[in-house]
Structure formats: C-alpha cells, structure tokens
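Hi,

Here's the structure I said I'd pass on. Have a look at it first, and then read on for my notes.

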Amino acid sequence: MSQKVQIAFLSIPGFEAFDIDVVSRKGDVRISGVVDSQSQIDAALKLAREIDGAHTINNQLTVKQ
C-alpha cells in the first residue's frame, strides 16, 4: 500500500522534489515530511484517502517555514 500512495503522490505538481515518507500497516497509512504549501498537504491527504485499502490516514506533513 505504501508504494501505491507514493506513486499517487507523483501526480501532485512539484511533489517529486520532496522527501515524503509513507508507511502503511493493515490499512493504516502514515505520511510524514515537509512540503511547500497547505494545498499540497490537502492534495496528498485527498489522494491517500482514495487508495484502495487505506482505512486511516495519519498526516504528519508540515509546511516548510
């Protein structure tokens, strides 16, 4: 599942430049890292929720200061 989420993130403009960590276990997905904007976090959460088998999304993404 982690790989499915990471592949989905490549559809977000500019996301390939970030070091985003995705860990999943039994449908629980944890996303962590630093991005440029809140809209990128929102897009990442939306995509992660759409992945088949993802039950819980634990968002630990932050906006670069």
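Predicted model: local features only at pLDDT ≥ 70, side-chain atom pairs only at ≥ 80, totals over all residues.

Let's begin with helix α1, which covers residues 2-9. Which of its residues are buried? They are S2, V5, A8 and F9. Looking down the axis of α1, these buried residues fall within an arc of 130°, so they line one face of the helix. The general rule behind that kind of pattern is that an α-helix has 3.6 residues a turn, so residues three or four places apart point the same way. Over on the other side of α1, Q3 and I7 are exposed. As for what sits over the buried residues of α1, the cover includes β1 (21-25), β2 (28-35) and α2 (38-50).

Leaving aside neighbours within four places in sequence, S2 is in contact with V22, V23 and S24.

Next, V29, which lies in strand β2. Its relative accessible area is 1%, so V29 is buried. If you skip the neighbours within four places in sequence, the contacts of V29 are M1, V5, V22, V23, S24, A54, T56, I57 and N58. Take A54 from that list: V29 and A54 are 25 residues apart in sequence, yet their C-alpha atoms are 6.6 Å apart in space.

K26 is one to check if you care about backbone torsions. Its phi is near 50°, a positive value in a residue other than glycine. Where does K26 sit? You'll find K26 in the loop between β1 and β2. With a relative accessible area of 75%, K26 is exposed.

Now the aromatics. How many aromatic pairs does a search of the whole structure find? It finds two. In one of them, the ring centres of F9 and F15 are 5.2 Å apart and the planes are at 65°, so the pair is edge-to-face. The other, F15 with F18, is also edge-to-face, at 5.8 Å centre to centre and 80° between the planes. Together F9, F15 and F18 form one aromatic cluster. On burial, F9 is at 3% relative accessibility and counts as buried; F15, at 4%, counts as buried too. F18 is buried as well.

The largest nonpolar core has 20 residues, and the members that touch the most others are F9, F15, I20 and I31. Each of α1, β2, α2 and β3 (56-63) supplies at least two residues of this core. Which element gives the most? That would be α2, with five residues.

F9 is a handy place to start if you want to look around in there. Not counting residues up to four places away in sequence, F9 touches F15, I20, V22, I31, A44 and L47.

Cheers

How values were computed. Residues numbered from 1 in each chain as written. Heavy atoms only, no water. Buried < 20%, exposed > 50% of the residue type's maximum accessible area, 1.4 Å probe, protein only. Helix = DSSP H or I, 4+ residues; strand = E, 2+ residues; numbered from the N terminus. Arc of directions from axis to C-beta. Contact = heavy atoms within 4.5 Å. Phe/Tyr/Trp six-rings, centres within 6.5 Å; stacked < 30°, edge-to-face > 60°. Core = buried A, V, L, I, M, F, W, Y, C linked by side-chain atoms within 4.5 Å.
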